[in-house]
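Please examine the sequence and the structure shown below.

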Amino acid sequence: MSALSQLYVVVLATVGIGLTAALLAWRERPEPGATPLVAMLAGQSWWSVFFAFELQATTLAAKAFWSDVQWLGVVVIPVAWVLFAMEYTGRDQYVRPKYVALLSVVPVLTVVLAMTGAYHDLLYTGSELVERGNVDVLRRIGGPWYWVAASYTYLLGAVGSVPLVGYVRSETAQFRGQSVALLVGTAAPWASNVLFLYGAVPIPGLDPTPVAFAVSGVAYLGALTRFRLLGTSPAPNRRARRLVFERMQDAAIVVDSHDYVVDMNESATEMLGTTPGEALGRPAREVLPRNGNVPDIGTTSEYVSVNERNGQRHYDVAVTQVSDFHGRNVGRVISYHNVDEHLRHQQRLEVLNRVLRHNIRNETNVIYGYADLLADEGGAESDRAEIIKERAITIADMGEKARQIVDIFEQVRQEPRAVPFDDLASKHVADADERFPEVDLRVGPLPAGVRVNAVLGPALSNLVENAAEHNTEPGARVEVDATASDGWLHVVVADNGPGIDDHERAVLERGTETALEHGSGLGLWLVTWAVGIAGGTVEFEENDPTGSVVTVEVPVVSSAGKSDIDSSSNETRAEPSEPTTVDD
């Protein structure tokens, strides 16, 4: 088989591979990049088909004609490549008619000049047949526009490749495979064309670029099938990140290293009552609330008040540094989080805390005191007076638990305070032992040097005291054991009492109460919420043969913080004895 025949077969195979890849891409429409990819593969196939016609032609005029026809495919390839890269990487805002029209100016002029080559020397200054190894090859000398078209083609090839290079180092293996296959597919014909321009080809004067399309076709087929090029693409990534910035509820303003506003989201424009056109490019001190105060990295300030159309709003300010690839500070993102609801919630908690801390105890003290006086008088009302005293103590106890819950919720926005667990457990077990001397309280070896969130204190106190208080059987026993491993503390509180009612456990597991299905108190809710705030979990199980086993798992706190036990969480509950009042 002659060299020409072999070359002809390779070109036909290239056409087959390219059309197969184009068909696969066509079936994936309207996935991002599918249509431009089809156009690019069609352009390659067009070039290859008419290159084959050129090889088979025997006269100068015929070869020149088929060479001119090839230009239609030649100019489509770089334009389609750029459009594909833009859509594939999520930059589809550039794939619009006006941009496509601008990109097509040089290609259209090139095709027109190719079709009218007999009337000018802009594209080619000369054409001739030369014999290369018993093969007649068309040799054409490029004119001034030929080098314009060639330069433009390489420029578009580079522009389309730049966005893909970033995905070569993507954390997603699929995107890495896709980008590498695409870059190989576009580099092969580009490299062969460069070699042709410099005359470093096996058959001088014969452009091997259509042959190199075989490599492109295989690479694109691999990207489409092996790496699901159009089934999974990074197109949403860039747009999604921008969308998150634009639609986030917090107002976000981006300033450069010279404190000029360079970007802002929709919430920021609403907060400031401005538009991007009015704010961008201006000094930040003229745009941000509190003129002249541009917060710096690490700045902690009070809430910022902003007068808006709907009244005054309060915002918490956070500043995030923006660094370049070399770690240099190039700007900051200043975000404003609306805290009006938090401030209202904090106000409600303060009022509720005051009521629970003072008012309820005052009223129950009064009730208990008068009931005590009534009981001292003797007579038939003594038993009823004792019931009143018991109920008063129950109300005071419930108010104390509610106050502890309020204190726990107030710690959510504060920095966790770490305390040694062995001190914490010893303190609460000692308090329970003093209140319930008839119960056998046993404490296993406690892990030393382990610190936990101080919010665990009220939870442990309620678990131990609840187990002791309701264990009225002879031989009442409560056991506390704790172990630490892998950064977690495991605490087990077991008793041999009546256990926790299934109904109570069901309410806790469901996480909500209704008018018909609710718990009998606040103690177990306090435990559940406190452990949750500490970042842990709590499980309630039955003990064998009787009683309950409560397992608490919380993360060990590495930062020491304050080491003293929170006295406000460990107040001992005193039974009211006479009518007293507590000043607010």
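Pro-545 is located in the loop that connects β13 (537-542) with β14 (548-555). In this predicted model, the peptide bond joining Asp-544 and Pro-545 is cis, with omega at about 10 degrees. Such a feature deserves attention because most peptide bonds are trans, and most residues other than glycine have a negative phi.

Asp-259 lies between β3 (251-256) and β4 (261-264). Its phi is near 65 degrees, a positive value in a residue other than glycine. Asp-486 belongs to the loop between β11 (477-485) and β12 (488-495), and this residue also has a positive phi, of about 55 degrees, although it is not a glycine. How exposed is each of these residues? Asp-259 has a relative accessibility of 26% and therefore counts as partly exposed. Asp-486, at 78% relative accessibility, counts as exposed.

Of its 584 residues, 43% are buried. Among contacts with a separation of 6 or more, 63% are between residues 24 or more positions apart.

The helices can be considered in pairs. Two packed helices are described by the angle between their axes and the distance between the axes. For helix α2 (residues 34-56) and helix α8 (residues 209-225), the axes come within 10 Å and cross at roughly 150 degrees. Since angles over 145 degrees count as roughly antiparallel, α2 is therefore roughly antiparallel to α8. The crossing of this pair is left-handed. On the side of α2, the contact is made by Leu-37, Met-40, Leu-41, Gln-44, Trp-47, Ser-48 and Phe-51, while α8 contributes Thr-209, Pro-210, Phe-213, Ser-216, Tyr-220 and Leu-224. Sorted by class, the residues of the contact between α2 and α8 are 9 nonpolar, 4 polar and no charged.

Helix α2 also holds Ser-45. Is Ser-45 buried or exposed? Its relative accessibility is 5%, so Ser-45 counts as buried. Apart from its neighbours within four places in sequence, Ser-45 is in contact with Val-15, Gly-18 and Leu-19. The C-alpha atom of Ser-45 is separated by 7.6 Å from that of Thr-14, although the two residues are 31 residues apart along the chain.

A second pair consists of α3 and α6, whose axes come within 8 Å and cross at roughly 25 degrees. Angles under 35 degrees count as roughly parallel, and α3 and α6 are therefore roughly parallel to each other. Here too the crossing is left-handed. The residues in contact include Trp-71, Pro-78, Val-79 and Trp-81 of α3, and Tyr-146, Ala-149, Thr-153 and Leu-156 of α6. By class, the contact of α3 with α6 has 14 nonpolar, 4 polar and no charged residues.

The crossing of α15 and α17 is left-handed. This contact is made by Leu-456, Pro-458, Ala-459, Asn-462 and Leu-463 of α15 together with Gly-523, Leu-526, Val-527, Ala-530 and Val-531 of α17. The contact of α15 with α17 has 8 nonpolar, 2 polar and no charged residues.

The final topic is the interior. In soluble globular proteins, nonpolar side chains tend to be buried together. The largest nonpolar core of this model has 45 residues, of which Leu-37, Trp-71, Phe-84, Leu-123, Leu-182, Leu-229 and Leu-230 touch the most other members. At least two residues of this core come from each of α1 (3-27), α2, α3 (60-88), α5 (105-115), α6 (144-165), α7 (173-197) and α8. Which helix gives the most to this core? It is α3, with 13 residues.

Not counting residues up to four places away in sequence, Leu-123 touches Trp-71, Thr-110, Leu-113, Ala-114, Ile-141, Gly-142, Gly-143, Trp-145 and Tyr-146. There is also a second, separate core of 40 residues, which includes Val-450, Leu-460, Val-464 and Ala-467.

Notes: Residues are numbered from 1 along each chain as its sequence is written. This is a predicted model: local features need pLDDT of at least 70, side-chain atom pairs count only at pLDDT 80 or more; totals for chains, interfaces and linings use all residues. Side-chain values use heavy atoms; hydrogens and water are left out. Axes are lines fitted to C-alpha atoms, for helices over the stretch in contact, and angles run from 0 to 180 degrees between N-to-C directions. Helices (H or I, at least four residues) and strands (E, at least two) are DSSP runs, numbered from the N terminus. Angles under 35 degrees count as roughly parallel, over 145 as roughly antiparallel, 65 to 115 as roughly perpendicular and the rest as oblique. A crossing is left-handed if the near helix is turned anticlockwise from the far one by less than a right angle, and right-handed if clockwise. Contact means heavy atoms within 4.5 Å. Ala, Val, Leu, Ile, Met, Phe, Trp, Tyr, Cys and Pro count as nonpolar, Asp, Glu, Lys and Arg as charged, and the others, Gly among them, as polar. A nonpolar core is a set of buried Ala, Val, Leu, Ile, Met, Phe, Trp, Tyr and Cys residues joined through side-chain atoms within 4.5 Å. Buried means under 20% relative accessible area, exposed over 50%, partly exposed in between (1.4 Å probe, protein chains only).
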